[in-house]
Amino acid sequence: MNHLEPASQSRQQQIFTVTRLNSAVRMILEQDLGLVWLTGELSNLAMPSSGHWYFSLKDMSAQVRCAMFKGNNRRVPFRPQDGMQVLVQARVSLYEPRGDYQLIIESMQPAGDGMLALRFEELKRRLGAEGLFDEGRKRPLPREPRAVGLVTSATGAALHDMLTVLERRAPDLPVFIYPTQVQGSAATAQIVSAIMLANRRAEVDVLIVGRGGGSLEDLWCFNEEAVARAIAGSAIPVVSAVGHEVDVTISDFAADLRAPTPSAAAELVAPDRRTRAQRLVHLRQRLTQAMSRHQVAARHGFVLLQKRLDHQDPKRRLEQQSQRLDELDRRLQQHLRDRLHQGERRLAGLAMRLQARSPEKRLAIGKRRHQLAEERLHALIAKRQDLARHRLAMLGARLDGISPLATLGRGYAIVRTPSGEVIRRASQVNAGQTLITTLAEGALRVRVDEVDNR
């Protein structure tokens with residue numbers, strides 16, 4: 001019975017209830033997979049009064065049940081319908097009451113814009129990890145730029161808006177235009193080339209890179225890695241002015257400064273004419289006041305020096321210096337005597353310490369420690385030997401108690417077949433069979449004449 005109990009307990013520990021199994025599977029799915037992105041077609045969409053959404057997400061050969069609770073579906077900017085292609089972010093889970101595998105949807109967006117948004121977030125994360133967006137590498141804009149460069153479309157409204165603002169605020173500020181496409185497949189290379197051209201010519205102090213508003217796809221060239229690296233690598237400070245205030249691009253993060261619109265960028269880089277005039281007046285007033293204060297301070301200092309010179313007598317100063325020299329000499333002699341006494345006391349202390357640490361004393365102490373350790377070692381060895389002999393005697397007694405030889409010595413015998421099988425029941429033996437009987441001393445080979453199975 002004792003051998004069966006552990007096995008029974010082990011089987012009991014492995015028995016799951018259905019509820020426990022479903023709960024364990026749900027925890028494994030949610031913890032191991034975490035959040036996943038996937039795209040598919042909506043079907044069987046249900047929107048009950050609870051505010052939650054239930055639907056299936058499918059492709060050409062498979063589908064999966066989904067649930068999106070009202071706390072998350074309130075943020076969906078469109079009305080989903082059956083047959084619509086969407087991109088979702090979800091947690092893989094299990095609906096325990098039915099044991100159904102399902103997805104808990106965290107966010108949903110149309111598949112086209114969603115893929116662009118995914119590319120945007122991935123590039124933003126990767127370039128951010130490289131330090132391309134660190135605030136420490138961003139440079140301040142020049143307060144009084146010699147010239148401004150515009151990297152934008154030569155026919156766009158953004159160029160007209162920026163030129164209008166620059167003309168109003170700083171009509172004498174030179175403006176250089178580096179025309180480029182700002183939409184389409186060729187725009188990326190042209191924007192990079194325009195930024196590099198401005199850096200080679202070095203004819204401006206600040207660059208504005210941008211365009212007017214548009215969809216995410218229209219603005220996508222400003223989300224390309226090549227444009228971001230060109231902006232970050234520009235030796236000229238760059239202001240990113242792409243789209244409207246709500247539009248955010250990778251170029252905004254890579255630039256030294258982001259402007260909400262192209263017009264706002266022009267406001268930021270161009271000093272206002274009236275402001276500059278007021279600042280010049282203010283600086284002139286400050287300079288006049290500073291010169292006046294400096295002249296007053298200089299006259300006051302001159303009067304003080306004149307009075308000090310009148311009150312200074314060279315003979316008196318010589319006497320004071322002589323007296324100070326005598327005082328310093330006395331202090332020096334006293335300091336030398338104090339240092340000498342300190343040295344003598346320290347030398348005496350070192351001699352006493354050296355005597356206390358004499359090798360002969362340390363050797364005697366070491367010999368005594370060695371002797372004590374040797375005595376303790378011998379005592380410990382003797383004690384361990386006594387314990388070992390006592391344990392050996394106990395084990396011998398226990399061995400004798402369970403030895404089969406002791407049982408044989410009380411008159412019992414072990415009966416085996418010639419092949420070595422132990423005979424426990426009469427039914428194992430047939431009449432005429434030869435058996436081997438082992439006694440306490442020696443063995444017998446016997447022949448069975450009769451078998452009684454009672």
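I started with arginine 126 and glutamate 122, whose side chains meet in a salt bridge at 3.6 Å, N to O. This is a predicted model, so I take that distance as computed. The two residues sit four apart in helix α4, which means about one helical turn separates them. I also checked accessibility: arginine 126 comes out partly exposed, with a relative accessible area of 29%.

Next I looked at what else glutamate 122 touches. Glutamate 122 also forms a salt bridge with arginine 125, where the closest N and O atoms are 3.4 Å apart. Here the spacing is three residues within helix α4 (residues 111-130), again about one helical turn. Glutamate 122 has 37% relative accessibility and so counts as partly exposed. Arginine 125, at 54%, counts as exposed, the cut-off for that being over 50%.

Then I moved along to glutamate 130. Which residue does glutamate 130 form a salt bridge with? I found arginine 229, with 2.9 Å between the closest N and O atoms. This pair links distant parts of the chain, since glutamate 130 is in helix α4 and arginine 229 is in helix α7 (residues 225-232), 99 residues apart. Both ends are partly exposed: glutamate 130 has a relative accessible area of 47%, and arginine 229 is at 33%.

Last, I put the pairs together. Glu122, Arg125, Arg126, Glu130, Glu225 and Arg229 are linked in a network of salt bridges. For the whole structure I noted 15 salt bridges.

Terms used:
Residues numbered from 1 in each chain as written. Predicted model: local features only at pLDDT ≥ 70, side-chain atom pairs only at ≥ 80, totals over all residues. Heavy atoms only, no water. Salt bridge = Lys/Arg side-chain N within 4 Å of Asp/Glu carboxyl O. Buried < 20%, exposed > 50% of the residue type's maximum accessible area, 1.4 Å probe, protein only.
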